[in-house]
Amino acid sequence: MQFARGAWKILVAIKDGLVLIAMLLFFMALYAALSATPNSGAVSNGALLLDLNGVIVEQPTAPTLEQFLTGGNEGGVREYRLRDVVRAIDASVTDERVEAIVLDLGGFLGAGQTSLTDIGDALAKAKKAGKPIYAFANFYSDDSYQLAAHASEVWMDPTGGIIFQGPGGNRLYYKGLIDQLGVTANIYRVGTYKSAVEPYLRADQSPEAKEASAALYAVLWDRWQAQVKKARPQAMIAAFAEDPARLITAAGGDYAKLAQEQKLVDKIGDKVAFDRFVAAKVGEDSNPSPDSFNAIDYDDYVAANPIETDGAAIGVITVAGEIVGGNGGPGTAASGRISEQIYKALEEEDIKALVVRVDSPGGSVFGSEEIRLAVLDAKKRDLPVVISMGDVAASGGYWIAAAGDHIMAEPDTITGSIGIFAVLPSFEKALSKWGVTADGVQSTPLSGEPDFVGGFGDDLNIVLQAGVENGYQDFLKLVSESRGKTLEEVDRIGQGRVWDGGTARQLGLVDSFGGIEEALAEAAKRAGLAEGDYHAQYLEASPKFNWLPISGLPFVKQEVAPVTSLVGWVARQQKASFANALDTASKLMASEDMQALCLECGEASMARAKVGEINLFHLLRSYSPLPAPR
């Protein structure tokens with residue numbers, strides 16, 4: 001009895017402890033949220049400081065609890081929302097408090113070329129309106145210099161330098177490694193140019209993939225040079241990019257001297273000298289701060305300039321990141337979350353048109369189709385749908401785009417890649433080296449498949465390849481119907497090949513050029529709205545506490561992703577078989593007594609293994625759960 005009472009007291013203490021932990025986490029999160037809130041009232045005269053210490057993305061990733069509480073994110077890299085950066089620069093044009101714009105690019109890690117072009121266009125408008133722009137960095141590379149080229153004065157640290165790489169480079173190929181490990185990469189694909197599977201299939205890049213990459217990179221590099229040259233005509237870009245070794249050697253390794261000789265920068269000076277230079281233009285900061293000039297904080301300024309809400313609402317749905325099934329947060333294009341946002345808007349919001357902003361390399365076929373069907377339902381309600389492509393809208397991204405009434409891209413957008421593939425590994429060669437073999441009795445040709453020990457059977461291979469080929473035909477059909485082309489015409493420009501936005505428009509995959517603002521204008525026109533009598537209403541989920549990454553607590557919701565295709569079923573079976581094998585081996589090795597255990601009772605063991613498989617997910621995430629249209 002005393003033992004029972006003691007145990008009960010321990011359980012109550014544990015329960016009370018969990019409640020206290022949950023309350024503590026809640027108040028910590030609340031404090032962090034209040035502390036991190038930008039102060040729009042703090043904006044005063046000075047220079048708008050764009051200290052872009054991180055990357056620019058279409059949609060920032062949702063923070064984990066730890067990141068939220070500490071104010072940081074993974075690897076300490078901040079993600080800046082593209083539309084916020086552009087809006088801040090646009091707002092500065094008519095704001096008398098903003099006397100200059102400062103680009104502190106020392107910690108800038110880059111963005112897609114289309115995103116950089118959009119920011120560059122906003123900087124060009126501000127400069128034309130009379131706003132001086134000053135740029136500083138210790139070191140410039142392609143992305144940072146594309147922005148710095150718009151500055152009235154470009155500064156560089158004396159110990160710094162500049163390098164222009166251009167697009168392209170090597171990628172890793174794993175064929176030799178997986179052969180040595182004895183892993184079999186069972187590959188199912190359609191598309192001559194579907195190069196995403198080549199690292200598992202070859203030891204080098206195929207001639208077809210080289211051809212497609214060379215054509216794409218040539219266009220992107222020409223566009224980058226043209227944009228930089230337009231922004232800074234005096235810069236000797238081509239000579240420096242084509243023969244940097246000769247020029248640096250001739251300059252005796254003095255990068256600063258070379259940068260000035262090539263007219264890439266205007267001034268050489270350290271950060272202190274730069275800050276004093278800006279302070280002479282906009283006034284000194286009276287409060288101690290890292291910057292000696294009157295700086296307008298970026299976050300405060302964004303908060304002080306919210307999105308306008310005048311006129312009719314045009315809904316904007318963002319599809320950013322890899323497309324996956326389920327209800328994940330921003331950072332991936334989770335089809336369940338995005339389709340739910342669309343349906344909720346159709347029921348609750350008074351929107352006159354829909355713009356789908358796609359910035360995704362593709363992903364799950366099921367997820368792509370779930371989003372596409374939601375977009376089609378919007379069209380059934382007589383809402384005009386305009387697709388706005390960002391840096392990339394390829395494969396699954398184009399699968400979704402095909403649902404639009406009008407598709408808009410920018411010349412630097414990467415799109416196309418109409419093709420399907422799936423990769424499922426098996427380990428028969430690796431395990432046979434250790435004496436592990438497989439044998440059994442089959443009641444049908446697919447009994448026991450997929451067999452990660454004995455290898456995939458011919459029937460399973462045929463079934464999987466047929467499914468992938470059927471998926472490709474579905475892809476061709478929906479593009480054919482959307483773009484008014486025959487299946488043969490789509491197949492010729494498909495086959496997994498990627499295209500730049502300019503070529504895609506010539507091929508009929510894109511209707512016109514333009515960014516998000518042009519897409520909103522097109523949607524407004526199709527909805528019969530007067531010019532300027534509309535605003536963008538971004539349809540995004542409200543922040544919730546269901547992202548708390550603490551397993552085992554009662555308020556954390558655990559979800560198992562549904563199986564949505566044959567490939568997904570095969571991957572799920574493999575994971576379960578692997579988990580079951582590990583569990584069985586562990587128990588047998590750990591046993592210290594005689595066992596009355598049924599090793600043949602696979603049904604019950606597999607069911608338990610499927611629970612354990614959830615915990616193995618991160619270890620086994622290389623298994624593709626769905627055929628990926630990338």
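Which backbone oxygen lies 3.3 Å from a polar atom of the side chain of Lys-131? I found that of Ser-92. The backbone oxygen of Val-98 lies 2.6 Å from a polar atom of the Lys-131 side chain.

I noted the ground rules. This is a predicted model, where local features need pLDDT of at least 70, side-chain atom pairs count only at pLDDT 80 or more, and totals for chains, interfaces and linings use all residues. Residues are numbered from 1 along each chain as its sequence is written, and side-chain values use heavy atoms, with hydrogens and water left out.

I then placed Lys-131 in the loop between α4 (113–128) and β5. Lys-131 is buried (under 20% relative accessible area, 1.4 Å probe, protein chains only). I found no salt bridge for Lys-131 (a side-chain nitrogen of Lys or Arg within 4 Å of a carboxyl oxygen of Asp or Glu). Asp-95, the nearest side chain of opposite charge, is 6.3 Å away.

Next, the rings. I used aromatic pairs of Phe, Tyr and Trp (its six-membered ring), with centres within 6.5 Å; planes under 30 degrees apart are stacked, over 60 edge-to-face, the rest tilted. The count comes to 12 aromatic pairs. Tyr-134 and Phe-277 pair edge-to-face, at 5.1 Å centre to centre and 85° between the planes. Tyr-134 lies in strand β5 (residues 133–140) and Phe-277 in helix α12 (residues 271–282), so the pair ties together parts 143 residues apart in sequence. I took helices (H or I, at least four residues) and strands (E, at least two) as DSSP runs, numbered from the N terminus. Both Tyr-134 and Phe-277 are buried.

Key: Buried means under 20% relative accessible area, exposed over 50%, partly exposed in between (1.4 Å probe, protein chains only). Lys and Arg count as positive and Asp and Glu as negative; His and the chain ends are not counted. A polar contact is a pair of N or O atoms within 3.5 Å; within protein, one must be able to donate a hydrogen and the other to accept it, and residues adjacent in sequence count only if both atoms are side-chain atoms.
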